[in-house]
Number of protein chains: 2
Amino acid sequence: MDRPSPGVSDAPLSPLSFLARSADVWADRPAVEDGVRAWTYAEHHDRVRRAAGFLREELGMEPGARVATLLPNEAAMLELHYAVPGAGGVLVPLNTRLAGDEYAYILTHSGASAVVASTALRETLETALEHMDGPGPRIVWVGDDDASAQSYEGWLRASAPVDLQRPADERALLSINYTSGTTGRPKGVMASHRGAYLHSLGVVAEAGLTTRSAYLWTLPMFHCNGWAYTWAVTATGALHVCLPQIDTGRIWEALLERGVTHLCAAPTVLTMMLDDAAGACCPAPVKVFIGGAPPTPALLERAASANLDVTHLYGLTETYGPLAVCAWNPGWDELDATEQGRLRARQGVGTIVSEALRVVDAQMRDVPRDGETVGEVVMRGNNVTPGYYRDEAATAQAFAGGEFHSGDLAVMHPDGYIELRDRLKDVVISGGENISTIEVEQALSAHPAISEAAVVGRPDDRWGEVPVAYVTLRAGQALDQAELQGFMRARLAGFKTPKEVAVLDQLPKTSTGKIQKFVLRERARG
Amino acid sequence: MDRPSPGVSDAPLSPLSFLARSADVWADRPAVEDGVRAWTYAEHHDRVRRAAGFLREELGMEPGARVATLLPNEAAMLELHYAVPGAGGVLVPLNTRLAGDEYAYILTHSGASAVVASTALRETLETALEHMDGPGPRIVWVGDDDASAQSYEGWLRASAPVDLQRPADERALLSINYTSGTTGRPKGVMASHRGAYLHSLGVVAEAGLTTRSAYLWTLPMFHCNGWAYTWAVTATGALHVCLPQIDTGRIWEALLERGVTHLCAAPTVLTMMLDDAAGACCPAPVKVFIGGAPPTPALLERAASANLDVTHLYGLTETYGPLAVCAWNPGWDELDATEQGRLRARQGVGTIVSEALRVVDAQMRDVPRDGETVGEVVMRGNNVTPGYYRDEAATAQAFAGGEFHSGDLAVMHPDGYIELRDRLKDVVISGGENISTIEVEQALSAHPAISEAAVVGRPDDRWGEVPVAYVTLRAGQALDQAELQGFMRARLAGFKTPKEVAVLDQLPKTSTGKIQKFVLRERARG
């Protein structure tokens, strides 16, 4: 008896419990609205239970089956964040901006038995399915044909609601979120019920969500399950305001007229918002959480004048979204704007539920807290992925030395806040999307005229960065730019396609033959 | 690989991680003040680490050893909430208002190897030790002789700081909190690191704590570890304002001049506060959490006029303090004060980290949600104790049927909120009818002359029992018994109306402010 024994005092941690509670406590409160329709928590819960009933009874989903989604930020996407795990399945949220063969790869690798997809992406998905062997997953359409009995809405009407089941083991798999694949093929990042539950409680604490909050869905839900706001907003009985596309007019309408209190976005989106509504000012302070790139002082100043209180976050798909926050110290309140901007641009510290971030050298020793010595950011803890789905080699490599290797280079400041110096070495971030330069280089290199290729990001007012390429040609070959563009567009999503391809006699290289991307980056800037 | 395997992504849940984080992130922020001294989080952490060093090195504390405290709400008490578990021990917080032989029993039963005690309680403790066999625990004194090398402060100065260790197993025992033992010997309620961690995150979410918060220690820390505010306040880097005694002058000073934002108390304490400062009004809204008895409409009204925003909580030592909250639905904002008061007096719903409360009949079937059918409140989940220390029989009895039996009788309202009707053992049965003493007490408290009321059953030849009441009066008020009878008959059925209403100077109370009904019951019999 000296050691308590689990049992009645041990409920499995799962974000499914948040919906169960809010459906009861906040039954009559607004849960979801999409600009056209609106549902209370009781109604939302009923839809989720019907979706789970459909998955189990009509699709015959087996425990542990993977169900993919190809959906923008609409109600169905939120509902499936509960219905799929609540029916015993594993959610695989697909990025809506990939190319056909990327979908084919992910659907095959995950072994998804079904895809719930928007009719707006019908052509892309059907092309992808043609690339797959075997019968392929079953498709359930959400969209224009809502009246049809075979649509998602039709199934919801027809299906009997079932109770959502938390897994007996809180470490059970909840979702697989595929990375954009910085080193070749996308990797499937696993999230557990326990990790998602704890990360969500961290979001509640850091964002200060309550049942009076209204969260605007500017961040895609397919991005790390919307940084766990899919679950955290529900946990507090707050309102989800869905926004299927980034439309600055609708964003401002939500901010100025619909009582939005919180949103997350890439700095690019924030810039677009501010560009499109000069002089607008929210009636009450709105908390804005940004990630992907540090906010510039100019952006912070413009945001403040619009009553947007910006906090910088940092994380990866492998960390359930942001596991670090640039936590504001009230001792900084009196500093001047320049100094505040410098402090706010840092990636910060682990959240209330995160283990401390470390910045280490190649021998896994902590670098000094001097704000100068660069090392790699490594992480561990409950909101770090347990690994890559069906990829033990990649998992072992990522966790070498007992911590997850972010691939990000940073310094540790004397106050314990980290600041990135080189984001994932080479990755290009365009419009909030990570672009693996290696993936683009591989596509370029597939062209018969091209010998070598290197891709870097060029600063861009609208997208933050855009990819540009430097190539050398095979002997005797010439490059037809128009033909190359067509070649690339057939292989890559539009946002990954280089905006410029410059031909060089040779690429700058180190003595050991590695391409010096920093040289190209400077050239691209010039 | 389909099931994530624990490892690097699995950190044991423990409130010790909160101090580690805040000592780093909020190092320069105020952590603790006691009216005389003040410490930052870095300083507080250093003291805790020295206390842990003292426990390990000087006391030779073994892993799992029990260390008791006999301390009011002072810095040492807070420090030991981290130092004891951080050194691998188990905290046993003793109520400072027990009698000598109760201490002897608890120290013997828990097998405490040491007691850290206030010199103000020297005589009581030394008497208790005389009742014990064997060498007894080692005593470390906190208090007047702080200058001495053998005092707590002396040891802190002399000891080398050690790192706090989280247990490898999050279900390890963290503390044993002895009940006040209204039915026989005190029972040792076990708390685990996991339970305390999750309960603390629930407190953060429900109370809305941030690093700008200042928490006033009106509730004793020995009471369920201060309802986990010992950990939750630290988790957010907020300030602990220690208050060794309930002193309404110091409470108002803290509220009006020291920026206190949150406090917890029994309704009795809140009544004392309001009695002692007519017309005082906090400069900003202060969140007040009360438990132990429902707030009366009159108390809520007086609190609101002082800018105190009262929330009613419900729980037991067996549930880490309050696991239920009378969560305020914004839909109630527009109701009139009477209706709001009625809703606020309910015990409410499980918190964000709690499992749903149930109200069941003798066969463990849920009673209907009709606000009328009375059943027993039963609980389960991570913030329910895993059992009583070294008392398997009591544990088995309390968890009969697979849920923890609270011994509280309640109804379930249609909206899922519970409302207590009585303690199982306090209910008055008159002529075969159950009378909720709480209902009668609320009716009495609505009378303008009455400050507090307690109702008990008196044996009666004809009816079995009849209700009789003991009341205290508001300052300057007198009671007209005939007028009161009319007042009551307008509000209650005849069989519920007290057959006698006796005016007392004060009601008998436990050290934690609960009315001692067994004393009144004996008085009624006499």
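The buried residues of helix H11 (residues 267-275) of chain B are covered by elements that include helix H10 (248-257), strand E11 (262-265), strand E12 (286-290), helix H12 (297-305) and strand E22 (450-460), also of chain B. Those buried residues of H11(B) are B:Pro267, B:Thr268, B:Val269, B:Leu270, B:Thr271 and B:Met273. Please keep in mind as you read on that this is a predicted model.

**Where chains A and B meet**

- The contact between the two chains involves 53 residues of chain A and 52 residues of chain B.
- On the side of chain A that touches chain B, at least two residues each come from helix H1 (16-25), strand E8 (188-192), helix H7 (193-207) and strand E15 (349-350) of chain A.
- H7(A) gives the most to that side, with 4 residues.
- Sorted by class, the residues of chain A on this side are 23 nonpolar, 17 polar and 13 charged.

**Domains of chain A**

- Chain A is divided into three parts: domain 1 covers 16-192, domain 2 covers 246-425 and domain 3 covers 428-525.
- Taken over C-alpha atoms, the centres of domain 1 and domain 2 of chain A are separated by 28 Å.
- Where these two domains touch, 13 residues of domain 1 of chain A are in contact with 13 residues of domain 2 of chain A.
- On the domain 1 side of this contact, helix H4 (100-110), strand E7 (173-178) and E8 of chain A each supply at least two residues.
- E8(A) provides the largest share of the domain 1 side, 5 residues, and E8(A) also supplies at least two residues of the side of chain A that touches chain B.
- The domain 1 side that touches domain 2 of chain A holds 4 nonpolar, 8 polar and 1 charged residues.

**The E22-E23-E24 sheet of chain A**

- In chain A, three strands form an open sheet in the order E22-E23-E24, and their pairing is mixed.
- Strand E22 (450-460) and strand E24 (501-503) of chain A are the edge strands, each pairing on one side only.
- From one strand to the next, the twist averages 25 degrees.
- Helix H17 (residues 517-525) of chain A packs on this sheet and touches E22 and E23 of chain A, with its direction at about 55 degrees to that of E22(A).
- E22(A) and E23(A) run antiparallel and are joined by 10 bridges.
- A hairpin of 3 residues leads from E22(A) to E23(A), and A:Ile450 stands opposite A:Leu473 in E23(A).
- Strand E23 (residues 464-473) of chain A pairs with E24(A) in the parallel sense, over 3 bridges.

**How enclosed is E23(A)?**

- Of the 10 residues of E23(A), 8 are buried, so this strand is largely enclosed by the rest of the structure.
- Among the elements around E23(A) are its antiparallel partner E22(A), its parallel partner E24(A) and helix H17 of chain A, which touches E23(A) as it packs on the sheet.

Technical notes:
Residues numbered from 1 in each chain as written. Chains lettered and ligands numbered in written order. Predicted model: local features only at pLDDT ≥ 70, side-chain atom pairs only at ≥ 80, totals over all residues. Contact = placed C-beta atoms within 7 Å. Nonpolar A, V, L, I, M, F, W, Y, C, P; charged D, E, K, R; others polar. Pairing = 2+ DSSP bridges. Axes fitted to C-alpha atoms, helices over the stretch in contact; angles between N-to-C directions. Domains from an automatic or database assignment. Buried ≥ 20, exposed ≤ 12 C-beta atoms within 10 Å, placed from the backbone.
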